[in-house]
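Dear colleague,

I am passing a structure on to you below, together with some notes on what was found in it. Please keep it open while you read.

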Amino acid sequence: MPALASIRARFEREQPLAGLRIAAALHVTPETANLMIVLQAGGAELHLAAANPLSTQDDIAVALLERYGVAVHARRGADRATYDGHLDAALAAGPHLVLDDGCDLVSRLHTGPSQRLAGVQGGCEQTSTGVVRLRAMAAEQALRFPVLAVNDSPIQQSFANRHGTGQSTVDALVRATNVLLAGRTVVVAGFGNCGKGIADRARGLGASVVVTEVDPSRALEAAMSGFRVLPMAQAAAEGDIFVTVTGNRGVLTEAHFAVMKDHAILANSGHFDLEIDLAWLRAHCVDVRSGVRPQVDEYLLADGRRLLVLAEGRLVNLAAAEGHPPAVMDVSFAGQALCVEWLAQHAGSLEPGVYDVPPAIDRGLAELQLAAMGIRIDRLDHEQQTYLTSWRQG
Ligand SMILES: NC(=O)c1ccc[n+]([C@@H]2O[C@H](COP(=O)([O-])OP(=O)(O)OC[C@H]3O[C@@H](n4cnc5c(N)ncnc54)[C@H](O)[C@@H]3O)[C@@H](O)[C@H]2O)c1
């Protein structure tokens, strides 16, 4: 992770986070561990909880605690109460800054004892669903400090959501099931950047991809990109493999299960496990064979059909594969580290609300990554610079 390594070297010298306590709720993976080590090198005291009970890699949690002294509150497979308790433990440290992935930490901070909010100066949010929740909090004037929407920065959208989620979700489908994608119909629900990445990668492996959407311009974009666009009611009967990635709830429900093929594969790569109505499946199936392969549960329906649900409907790319590759998280977390540094300097002068990542950070990240990839680009000359900022020349 060369971008993070270069930031670490500077942080060690400059100590921009000296004296700051940071509580984070992130997927406890090797890439997150690197971010923790960089922030620690900058002088911060760290308290890390999980952003999802199935994404925690226990060996990483232990290594962070024992070798680096990061207070880690996370265990793979934790139940809801334990997961919430871990968030509370991170918040009990009295953080100045919070790093969130999905807004569970910030939401808990605003619904728990009010004194917890007292010292919090600002935060960063890593994913689309978290930003949606934060904007809802800001609209209700409930949000009490400034938060940078790291997810919305152009480089994060392209690098993490499109390429990271795209590749790692398809990787998870293959690892979990060993399915041959060529010749299969893959239904992708949601054509945001995550859905675009998944649809592209599945097509690249020979699948026939169907997209479902509720947004007319996204649906049009899918159609113009050469994907079939159908309502889910129709796609449900055609699909061999389904991937939900909408950030919404109830995308695959009873009506869809009723017409799916025998042995259809169901996976979710959206943030929460609400996109596939597993509660209905659990209540109405005749039998569940858990773990027919790792991360695969087989639901037997009354008419004899079987539906294969991956990773209990949770983020499949993190539970059944390794999440975004380090090259993606390098850029993403280099952005987080620079945003934390920026917040340490500026949070005190900002009103509560959701803020875009400063463009200079985004540009700097793109430059770092291009350098790491050995790619050089052209520069505007003086004449072009003048032309682009003038209205007199046509
Ligand atoms: N798996 C990962 O590692 C990973 C990484 C980044 C983001 N995410 C999560 O993936 C989800 C999608 O992220 P995004 O950045 O693409 O978001 P986005 O909001 O840009 O795109 C979601 C799309 O889903 C569509 N949609 C909403 N409800 C729908 C429905 N019922 N049926 C069909 N389409 C529907 C929306 O119109 C939108 O176009 C979020 O929950 C986000 O947090 C996951």
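**The shell around the ligand**

The residues of the shell around the ligand divide by class into seven nonpolar, 18 polar and three charged, where Ala, Val, Leu, Ile, Met, Phe, Trp, Tyr, Cys and Pro count as nonpolar, Asp, Glu, Lys and Arg as charged, and the others, Gly among them, as polar. Please note that this is a predicted model, in which local features need pLDDT of at least 70 and side-chain atom pairs count only at pLDDT 80 or more, while totals for chains, interfaces and linings use all residues. Residues are numbered from 1 along each chain as its sequence is written.

In total, 28 residues surround the ligand, and the closest are G190, G192, C194, D215 and G247; a residue is counted as near if its C-beta atom, placed from the backbone, lies within 6 Å of the molecule. Helix α8 (193-204) is one of the elements that supply at least two residues of this shell, and α8 gives the most to the shell, with three residues (helices are DSSP runs of H or I with at least four residues, numbered from the N terminus).

**The two domains**

The domain assignment, which is automatic or from a database, gives domain 1 (2-156 + 324-372) and domain 2 (164-319), and the shell around the ligand draws at least three residues from each of them. The centres of the two domains, taken over C-alpha atoms, are separated by 29 Å. Their contact takes twelve residues from domain 1 and 13 residues from domain 2, with two residues in contact if their C-beta atoms, placed from the backbone, lie within 7 Å.

Best wishes
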